[in-house]
Amino acid sequence: MSTPSGNSDQTRRDIQQTRAELGETVAALTAKADVKTRARTKATTAVGGLRGRVTEAGQSAKTRATQLARTVSQKASQRVTSVRQKSQHTASAVRGSAEAGAQTAGEAKSSLVTSARAATTRIGSSVRAKPLPVLAVTGTAATLAVISYRRRRSR
């Protein structure tokens, strides 16, 4: 009798295994037949993937914006430094030109005053040496002025 009971145990195990496989197959068929759940699962997966991509794109944009801000800041700083150096150079050149111009103006003024003094001295010496022509010219000018004045009044 050992054979029939050994066979019977084996058969029971086979039946249990077949039932388990059948249960799994039924569950798989049920899952495939449940369109609503499958759609939800697919949507949840898609939303999760989309969220991941959006988060990644946001982080990438933030990183890129930070890099661009640093680059712009560095370039602006370099340009400010360059402009500051050029303006300092230009200011010192203008100061130098102004000082040179003031010195030249002072020299020109001094030269002009010296020339005027020399001319005055020459004219004074000339008048002292020959006063008659100067008096004649002065007298003639005075006479013409009086005549011109009288004519205007008589009109």
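User: What does pLDDT stand for in a model like this, and in which helix is confidence lowest, and in which highest?

Analyst: pLDDT is the predictor's confidence in each residue, from 0 to 100. This is a predicted model, in which local features need pLDDT of at least 70 and side-chain atom pairs count only at pLDDT 80 or more, while totals for chains, interfaces and linings use all residues. Residues are numbered from 1 along each chain as its sequence is written, and side-chain values use heavy atoms, with hydrogens and water left out. In the protein chain, confidence is highest in helix 1 (residues 2-33), at a mean of 83, and lowest in helix 3 (residues 131-154), at 77. The mean over the protein chain is 81, with 94% of its residues at 70 or more.

User: How many helices and strands does the protein chain have?

Analyst: Helices (H or I, at least four residues) and strands (E, at least two) are DSSP runs, numbered from the N terminus. By that reading the protein chain has three helices and zero strands, and its elements run α-α-α from the N terminus on. The radius of gyration is 58 Å, well over the 15 Å that the globule rule gives for 155 residues, so the protein chain is more spread out than a compact globule. That radius is taken over C-alpha atoms, and the globule rule is 2.2 Å times the number of residues to the power 0.38. Along its principal axes, the C-alpha trace spans about 180 × 45 × 10 Å.

User: What share of the residues is buried, and how should I read Arg152, Lys75 and Ala100?

Analyst: Buried means under 20% relative accessible area, exposed over 50%, and partly exposed in between (1.4 Å probe, protein chains only). Buried residues make up 1% of the 155 residues in the protein chain. Arg152, in helix 3, counts as exposed because its relative accessibility is 65%. Lys75, which lies in helix 2 (residues 35-129), is partly exposed, with a relative accessible area of 48%, and Ala100, also found in helix 2, counts as partly exposed at 38%.

User: How far apart in space are Lys75 and Ala98, and what about Ala100 and Val137?

Analyst: A separation along the chain can be set beside the C-alpha to C-alpha distance. Lys75 and Ala98 are 23 residues apart in sequence and 34 Å apart in space, whereas Ala100 and Val137 are 37 residues apart in sequence and 45 Å apart in space. For Arg152 and Ser115, 37 residues apart along the chain, the C-alpha atoms are separated by 40 Å.
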